[in-house]
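Load the model and follow along.

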Amino acid sequence: MDHASLGWWGVPLAVLAGAIRVSTPFLFVSLGECLTEKSGRINLGLEGTLVMGAMSGYATAYLTGNPWAGVLVAGLAGSLLGTLHAMICALERVNDIAVGIALMLLGTGLAFFLGKPFIQPQAPQLPAIPFGWWSGSAQVRSALDINPLFLVGLALAPLLLWGLRTTRWGMVLRVVGESAEAARAMGYPINRVRLLATAAGGFFAGVGGSFLSLSYPGSWNERLSSGQGITAVALVIFARWDPVLCVWASLLFGGAGALGPALQSVGVTQGYHLFNAAPYVLTLAIMIATSSSRHRLAGAPAELSVTR
């Protein structure tokens, strides 16, 4: 029995399930980039970090038989790329956007090279929590099989918001992101703060990549990411650098990504590829709608390259 057996009622169910699954990488990457950009640095290399996380997580899970070890190693791989990004950007007259693009190519190329032996083998997958156990419908049970990483991301967003607003390290991070001169006058180590923020952001992005290979779609191949790392940067702008708003924006993008398969499951095949492009169309629409002279980059840290 598939979603077609439910008729059009299967469409919102499939979109709900897809929103939860597809949004998880967006959620982790956007939270990581939000943290990085709060320090006044932008990292456009997240696509490479996401792919590297997916490959290293899958390889570790296959070699150790433990998918959670894969998640940890994926995060560490992302953190290493983030640290490299921060160290290069700390040099004089280095543009962080150009460095991000270079590291995106490095991360994806390195992942494809090192990951070739792991394309065919099957690694153990992350277990899902069956929140739909109470239902007699296989479709409902499938839709409510939720990966623990999604729940971790949900808990992480308000925790980050609280930390940024109320803790000393959050205040230091915001001061560095708003005014390097003020932070320097207060004695804060700007490069160290940005290095830690970029490394932490890379860790989150690597964990998001591990979800792709260890949960949904649950395999490793060279076309796994489909631009989700780059899209997450636009998502952070849409969320106005607010971690909690990143959750809702991620769900919106995830639902848009699930719309095409959901409609195809009930026999709607005309314009199928256009529906699959919904997340990217949504990205363009959001960027246009939020780029008026009145609201442009509202809430952006003043030290970001795109605001100067």
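Start with the second largest cavity, which has a volume of about 30 Å³. A cavity is a set of points on a 1 Å grid over the protein atoms alone where a 1.4 Å probe fits but cannot get out, and its lining residues have an atom within 4 Å of a point. Grid points are joined across faces, edges and corners, and the volume is the space filled by probe spheres set on the points.

Before you click further: this is a predicted model, where local features need pLDDT of at least 70, side-chain atom pairs count only at pLDDT 80 or more, and totals for chains, interfaces and linings use all residues. Residues are numbered from 1 along each chain as its sequence is written, and side-chain values use heavy atoms, with hydrogens and water left out.

Now select Leu-31, Cys-34, Leu-35, Leu-160, Leu-164 and Pro-243, which line this second largest cavity. Helix H1 (10–38) and helix H6 (148–166) each supply at least two of the lining residues, and H1 gives the most, with 3. Helices here are DSSP runs of H or I with at least four residues, strands are runs of E with at least two, and both are numbered from the N terminus. What classes of residue make up this lining? There are 6 nonpolar residues, no polar ones and no charged ones. For these classes, Ala, Val, Leu, Ile, Met, Phe, Trp, Tyr, Cys and Pro count as nonpolar, Asp, Glu, Lys and Arg as charged, and the others, Gly among them, as polar.

Next, go to the largest cavity, with about 40 Å³ of space. Pick Asn-43, Gly-45, Thr-49, Leu-81, Gly-82, His-85 and Leu-103 to see its lining. Helix H3 (residues 67–89) provides the largest share, 3 residues. By class, this lining has 2 nonpolar, 5 polar and no charged residues.

On to the largest pocket, which holds about 660 Å³ of space. A pocket is an open set of grid points with protein on both sides within 12 Å along at least five of seven lines. Of its 30 lining residues, select Val-22, Tyr-216, Gly-257, Ala-258 and Pro-261, which lie nearest the centre. H1 turns up again here, with the largest share of the lining at 7 residues.

How many of its residues are buried? The count is 9 of 11, so H10 is mostly covered; buried means under 20% relative accessible area, exposed over 50%, and partly exposed in between (1.4 Å probe, protein chains only). Among the buried ones are Gln-228, Thr-231 and Leu-235. Following H10, look for Arg-240, whose phi is positive, near 55°.

Two last stops. Leu-110 lies in helix H4 and is partly exposed, with a relative accessible area of 35%. Then find Gln-125, in the loop between H4 and strand S1 (129–130). Gln-125 counts as partly exposed too, at 29% relative accessibility. Finish by drawing a distance from Gln-125 to Asn-66: they are 59 residues apart in sequence and 8.5 Å apart in space, C-alpha to C-alpha.
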